Amino acid sequence: MVPIGRLLISVTLLLPISIFSLPECDFPAIFNFGDSNSDTGGLSAMFGQAPPPNGETFFHSPAGRYCDGRVLIDFIAEGLGLPYLSPFLDSMGTNFSHGANYATAGSTIRRQNTTIFQSGYSPIALDIQYAEFSDFLKRSQIIRQRGDFFKNLFPENGTFSRALYTFDIGQNDLTAGYKLNMSTEQVEAFVPDVISQFMTTVKNVYARGGRTFWIHNTGPVGCLPYILDTHLITAAQVDKIGCATPFNDVSQYFNKKLKEAVIELRQELHLAAITYVDIYSVKYSLIGKAKKLGFDDPFLVCCGHGGKYNFNNAKRCGSTEIVDGKEILIADSCEDPSSRILWDGIHFSEAANRWIHGQIANGAFSDPPVPLKMACHKREMKAMYPVHFTLSDEHDKD
Ligand SMILES: *[C@@H]1O[C@H](CO)[C@@H](O)[C@H](O)[C@H]1NC(C)=O
Ligand SMILES: *[C@@H]1O[C@H](CO)[C@@H](O)[C@H](O)[C@H]1NC(C)=O
Ligand SMILES: *[C@@H]1O[C@H](CO)[C@@H](O)[C@H](O)[C@H]1NC(C)=O
Ligand SMILES: *[C@@H]1O[C@H](CO)[C@@H](O)[C@H](O)[C@H]1NC(C)=O
């Protein structure tokens, strides 16, 4: 045997400063942009309250959410020690001291060429949400000058650059295409335009001082009874957990393009910390292991009316009928909403939202993989510092 001499290797590595050695972000406010997944009362303020039994679990009455209780953005706010977000459009009882919510149920990224009365999609598309934010930014500072009461209702100017900007939107752009009887190919063909309009909004918020962006990708729309019950889906198109593959493929295509957009945005917006969050995988795995997690059949809707899934698109959660001159609720909630993943066939239950928050808050589904509380720190830090390692081969003693 040839004895191996004592081996000393000296290596100098360039390591990024560990994100975990940095302080937590201490976000003073959240500004949210989105659709029903994060609406806390925007659509309700415009077109009437989401009917009971929405809100029953946590708020004990309708609370502008299409859910029995809290939606994901509520858990995000709670987790950061902030109050629930007031909807920008609500003119009653709002307090914007810690942010505002521009999301409305039915919102899309692109403006739709239909009215809400024709198609159900909200007129408050993402560019309108940005216009509202921009107006808020300017006018809140003017209104604050009226005195202390207003100073307690609106954030100070310095808040905007330190705030968390959250986005959860895109699902309705995809379903809107199907509603126009487009094929999957036709829907995919307009995705780049949708993504490009999304990027415009992120750049606009950045131009107004936004620096921390937390972007949710879109969920597996092919797992929702809203799709499963209203489209012709062949057995061959159903995957192993029971979701409709062509629809989920479109969601994943959108997500792939969204992720590419995030990479591009990071290159362009040098001071921004942008986190991409894989909500799709979280929701898909929740549905896939429902039983294991103690939930009922994941496709069985809690609040609905009849059919295979307890879902009827024409008689959604909270629908009433007049019987003998009396209004009765025909789409009421199930006995135990916390045992169901889906609340109404389109939206997740509070119990599901709580679980989803538990999965995403620590960064396990994020790119970069940083916890929400650390999301203000850029990963691709310019400051690299040299670390000197000396590796010695201990085996040469034998
Ligand atoms: C609305 O119509 C215009 C003009 O035809 C078209 O360019 C645009 O893509 C349409 N928008 C959507 C969301 O379909
Ligand atoms: C708004 O909420 C903040 C935080 O909860 C509170 O400190 C402030 O007093 C509230 N403003 C008004 C006018 O109620
Ligand atoms: C708010 O801050 C921005 C950026 O720092 C500044 O350009 C703007 O003039 C400030 N507005 C007010 C009302 O203080
Ligand atoms: C889509 O197809 C359905 C069924 O054929 C039809 O009832 C509906 O009017 C069509 N919608 C549009 C927007 O063309």
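The buried residues of helix 2 are Leu72, Ile73, Asp74, Phe75, Ile76 and Ala77; buried means under 20% relative accessible area, exposed over 50% and partly exposed in between, with a 1.4 Å probe and protein chains only. The structure is a predicted model, in which local features need pLDDT of at least 70 and side-chain atom pairs count only at pLDDT 80 or more, while totals for chains, interfaces and linings use all residues. Residues are numbered from 1 along each chain as its sequence is written, chains are lettered from A and ligands numbered from 1 in the order in which they are written, and side-chain values use heavy atoms, with hydrogens and water left out.

Because 6 of the 8 residues of helix 2 are buried, this helix is largely enclosed by the rest of the structure. Helices (H or I, at least four residues) and strands (E, at least two) are DSSP runs numbered from the N terminus. The cover over the buried residues of helix 2 includes strand 2, strand 3 (99–101), strand 4 (164–168), strand 5 (212–216), helix 11 and helix 12.

Ala77 lies in helix 2 (residues 72–79) and is buried, at 0% relative accessibility. Leaving out residues up to four places away in sequence, Ala77 touches Ile30, Leu82, Pro83 and Tyr84, where contact means heavy atoms within 4.5 Å. Just after helix 2, Gly81 takes a positive phi of about 75°.

Asn37 sits in the loop between strand 2 (30–34) and helix 1 (42–47). This residue is also buried, with a relative accessible area of 14%. Beyond its neighbours within four places in sequence, Asn37 contacts Val71, Leu72, Asp168, Gln171, Lys283 and His347.

Two packed helices are described by the angle between their axes and the distance between the axes. Helix 11 (residues 279–288) and helix 12 (residues 350–360) pack at about 130°, with their axes 10 Å apart. Helix 11 is therefore oblique to helix 12; angles under 35 degrees count as roughly parallel, over 145 as roughly antiparallel, 65 to 115 as roughly perpendicular and the rest as oblique. Ile279, Val282, Lys283, Ser285 and Leu286 in helix 11 meet Ala352, Trp355, Ile356, Gln359 and Ile360 in helix 12.

Confidence is expressed as pLDDT, given for each residue from 0 to 100. The protein chain has a mean pLDDT of 92, and 90% of its residues reach 70 or more. Over residues 1–15, however, the pLDDT is below 50, and it stays under 50 over residues 381–398. Where pLDDT is low, the predicted coordinates should not be read in detail.

Note on methods
Axes fitted to C-alpha atoms, helices over the stretch in contact; angles between N-to-C directions. pLDDT = per-residue confidence, 0-100.
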